[in-house]
Amino acid sequence: MPTVLLIEDDPAVREGLCLGLRRHGHDVEPAADGEGGLRLLAARRPDLVLLDLMLPGIDGFEVCRRIRATGPIPIIMLTARGDDIDVVGGLEAGADDYVVKPVQPRVLDARIKAVLRRGGAAGQDRERHGALVIDRAACEVSKHGEPVRLTPTELRLLLELSRVPGRVLSRQQLLELVWDHDYLGDSRLVDACVQRLRAKLEDQPAAPVYVRTVRGFGYRFGPL
């Protein structure tokens with residue numbers, strides 16, 4: 001049973017999501033503000049965090065940055081709007097996905113399962129690409145012999161891009177492969193995750209050699 005940390009200040013929304021997610025088999029730990037959420041994060045080490053952006057005290061963006069600084073735990077942000085400022089800000093802070101409130105528990109359950117699946121991406125080979133080593137079986141990445149800490153979403157994106165070096169994948173294809181979004185997706189998820197991935201893999205993120213942009217279409221990995 002996955003443990004979900006829910007940080008939401010609205011009591012009605014918090015209670016409704018707790019009830020709905022528990023019916024879908026999740027162990028939910030609720031918090032009403034960012035400070036309480038960070039304390040529960042340290043005490044319980046949940047499998048995933050559901051994070052409202054508009055929180056009293058420490059806002060959701062700062063909470064997201066602090067959670068991401070502790071490790072690669074998956075984060076889904078909850079926002080009352082789908083505005084660029086909220087979405088892009090949350091993704092740049094380190095969130096893996098987002099949902100716009102109000103959201104049905106069954107829809108949120110599907111998003112949670114999709115994000116958690118990314119940490120278990122299948123593979124059998126240990127590949128070397130220049131200084132970068134990708135171990136698909138162990139779901140581990142290293143560079144110059146040092147481990148690279150990736151979130152489940154960043155790892156899944158790298159695994160999909162590097163599966164066939166030189167192959168170009170569109171943003172919509174990546175949404176379907178990585179985020180399991182089989183409907184009209186949001187390319188901001190892809191672009192923000194690519195930006196974070198480059199910051200961790202590239203010597204010069206502004207001149208990438210691993211994750212390259214194909215203008216007007218999408219992205220490709222290498223080839224080196």
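These legends accompany close-up views of a predicted model.

**View 1. Helix H3 and its two ends.** Here we look at H3, which spans residues 60–70 and has Gly60, Phe61, Val63, Cys64, Ile67 and Arg68 as buried residues. Down the axis of H3, these buried residues fall within an arc of 160°, so they line one face of the helix. At the start of H3, a side-chain oxygen of Asp59 comes to within 3.1 Å of the backbone nitrogen of Phe61. After H3 comes Gly71, with a positive phi near 155°.

View 2. Arg66 is partly exposed at 39% relative accessibility, and Glu62 is partly exposed at 27%.

**View 3. Arg44 meets Asp27.** Their side chains form a salt bridge at 3.5 Å, N to O. Arg44 belongs to helix H2 (residues 34–44) and Asp27 to strand E2 (residues 27–31), so the pair ties together parts 17 residues apart in sequence. Arg44 is partly exposed, with a relative accessible area of 36%; Asp27 is also partly exposed, at 25%.

**View 4. Glu154 and Lys200 in a salt bridge.** The N to O distance for this pair is 2.7 Å. Glu154 sits in helix H6 (residues 152–162) and Lys200 in helix H8 (residues 187–201), so to speak distant parts of the chain, 46 residues apart. Glu154 is buried at 1% relative accessibility, whereas Lys200 is partly exposed at 32%.

Conventions:
Residues numbered from 1 in each chain as written. Predicted model: local features only at pLDDT ≥ 70, side-chain atom pairs only at ≥ 80, totals over all residues. Heavy atoms only, no water. Buried < 20%, exposed > 50% of the residue type's maximum accessible area, 1.4 Å probe, protein only. Helix = DSSP H or I, 4+ residues; strand = E, 2+ residues; numbered from the N terminus. Arc of directions from axis to C-beta. Polar contact = N/O pair within 3.5 Å; in protein donor to acceptor, adjacent residues only side chain to side chain. Salt bridge = Lys/Arg side-chain N within 4 Å of Asp/Glu carboxyl O.
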